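Here is a short briefing to read alongside the model. Take a look at the structure first, and then we can walk through some of its features together.

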Amino acid sequence: MSQGGHLLLVDDEPQILRSLRPALTAAGYVVTTAETGAAALSYLAGEPCDIVILDLGLPDMDGKDVIVRIREWSETPIVVLSARDLELEKIAALDLGADDFVNKPFAVGELLARIRATLRGRDLRLAGRASFRSAELEVNFATRRAFVQGDEIRLTPREYDLVRTLARHPGRVVTHKQIIASVWGPEATVDAQFVRVLVAQLRQKLEENPSAPRVLLTEPGVGYRLASDEDA
Amino acid sequence: MRDYALTALRRHRRLTSYGLAVLVVLAANLVALLLEQWLGYSRVSMIFLAAVLICAVRLGSGPAYLASALGFISYNFYLVEPRFTFGIESEDIVILLVFMSVAMLTGGLAGRVRDEASRSQNRARTTAVLFNAGRDFAALGEESPMAERLTMGLAEAARGDAIVLMGGQVHKHSSLEPTDELLTALAACEVAGAHDLAADGWRIRALWAEGRRLGAAAWRPAASEGDEPDQTRLIHVLLDMGTTAIARARLSRAWAEIEAVERTESLRNALLSSISHDLRTPLAAILAAATSLRTFGGVFEPDVQEDLLDTITEEAERLNAFVGNLLSMTRLEADALAPQTSVFDVAEGLDRILRRYERRQGGRRLELRLRDSQLSACGDPILFEQALANVLDNALRFSPETDLIEISASRMGNHVLVEVRDEGAGVPEAELPRIFEKFYRSATANQNLQGAGLGLSIVKGLMEAMGGAVAARGNGSQPGLTLSLRLPMDAP
């Protein structure tokens, strides 16, 4: 396994740390663990990390506050661990700057896939790539054109903005609020219903079978993500 | 009828003061006749002046005018030469004018002072009535005593009878027996909201606050001493004040009810999220460990594999214990816990539990001290182990990694006593009795430390169901907490 990078795992439950560390190590990450938000913050201040895996229920502070504190000065990708039924918490974490989330309990493969997608998304953004390309979809940011399996599709400006927003963070979930801010503008007061309508419109053009989407995926209650090749 | 009597009374009082004025002038005549020998007639006019002055100050301006006229006449008639004639000379006109102006000035002045005094007396009474009522309303806070107090205040303000209909209850002043007619009028007034319906001397008013019907009040003034508009105003202000206070009391009670519902709601949410956390954490560890083994099984060193398998086993056990707790709690709540009571060896049970906890203790030391041999207790061994496990979980959860947790068992009278002593943060003395309450978590405990505050309440429920007991105490000058479980030695 190649060196995957330096990973900070923040969780207060020792059994979670114990069960995750071997797999993360085996996947090539250098794993550091922290059991409190304060420990995580002070570690990050001294040592740059490539990615942070953060449980939202910490003993000393709210996980969301940890995200805010990290985002004050660092763009380190953050993947949040949270229970499936706490949608609002996940949305809040994402809106505060977390990059993605994994529902607890999870299979290790799922966590590793999220970590890889998040790291790749960061690399793409850092590289300032002018296009997004997956097996199904290609988006050229410079020319504002999109192709499905090689054939160009005609998109309205809103549809293009939506696909661009998702393609800028391939594989990563984007919340309704973030989509609205990006497509309608940060001041817009648009109902999530509009996002659903726009997504349905876009799926007609992107998907082979719009009622069983493979490219533009729904994250129930949270938002949408564009399938990266790993999801396929 | 009553009004007529009052007017008569007032007229009578006015007549009396004129009569008094006549008497004062007669007295002045007597004194003047006596003193005239020595003083000469022109100086005794001073005596009549004094009489006018007295009438003006004491009896008001009307009697003073009468006194000055009478005084002038008698002075002129009896004392001025030629006596017993009624000759007016220019000098006499001056005297009459002086008498008249003294009567006018002094009488007006004194009358104003008197009026002012009686007004300020009324004001003081009004203020006192309102102030006392306001203070009592604020202190009472409950609707019924407030209505009672309003009735009392109303009777005081009206100086008569009072009755208040509030929230379907009739509050009346002292021994008053309201007629059916009055009660019907009150009820009708509450609904219709009419003001000042008079019947048999009673005045009625509906009590409404912010468009809500609260009740109705009726009062019957016994005697009217001050001027009536003032009294009526006082009564209305008092009624408004009482109505507002009662409306506020109702509102705050409604708020309290809403708050109680919200508290229950938030308690339920806290419980749900805590249960969800306690169920999901072991599951997450099991799933992560199992999928790790499946994905990387070949890559891991044998000891890593072993550790992951241990994690799976322990977390499954933890999950099992938690589900057991949930079941017990449900049964305790439903009163459906049926202990399978038998005589069992406590030492053996302790040994089994400690072996189970060996892997869980981390850096903490668990020490078992058996102070007596032959410790057999009467109870349900499975429930006892569950209770003890909860106590140990609690001790492990709240004590730092390096501390000692001592478990001791001894005989005490005809009971077996098992004590678990930790060196953690402990619980303040005042909170000790509360730690067995459901959902109770010490305020000093870390708020984010997970746990629903159910463990110890289950311990209490289990121990009591087995005829035993649980108690908590501090460790004196040492930090930490000691929990003692007690079971009877023989079947009761």
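Is the crossing of helix 2 of chain A and helix 3 of chain A left-handed or right-handed? The crossing is right-handed (the near helix is turned clockwise from the far one by less than a right angle). This is a predicted model, where local features need pLDDT of at least 70, side-chain atom pairs count only at pLDDT 80 or more, and totals for chains, interfaces and linings use all residues. Residues are numbered from 1 along each chain as its sequence is written, while chains are lettered from A and ligands numbered from 1 in the order in which they are written.

**The helix pair in chain A**
- The axes of helix 2 (residues 37–46) and helix 3 (residues 63–71) of chain A come within 10 Å and cross at roughly 15°; helices here are DSSP runs of H or I with at least four residues, and strands are runs of E with at least two.
- Helix 2 and helix 3 of chain A are therefore roughly parallel to each other (angles under 35 degrees).

**Backbone features**
- The peptide bond from K104(A) to P105(A) is cis, with omega near -5°, and P105(A) sits in the loop between strand 5 (100–104) and helix 5 (108–127) of chain A.
- Q149(A), in the loop between strand 8 (145–148) and strand 9 (151–153) of chain A, has a phi near 45°, a positive value in a residue other than glycine.
- R159(B) also is not a glycine, yet has a positive phi of about 50°; R159(B) lies in the loop between helix 5 (143–158) and strand 1 (160–166) of chain B.

Notes:
Axes are lines fitted to C-alpha atoms, for helices over the stretch in contact, and angles run from 0 to 180 degrees between N-to-C directions. Angles under 35 degrees count as roughly parallel, over 145 as roughly antiparallel, 65 to 115 as roughly perpendicular and the rest as oblique.
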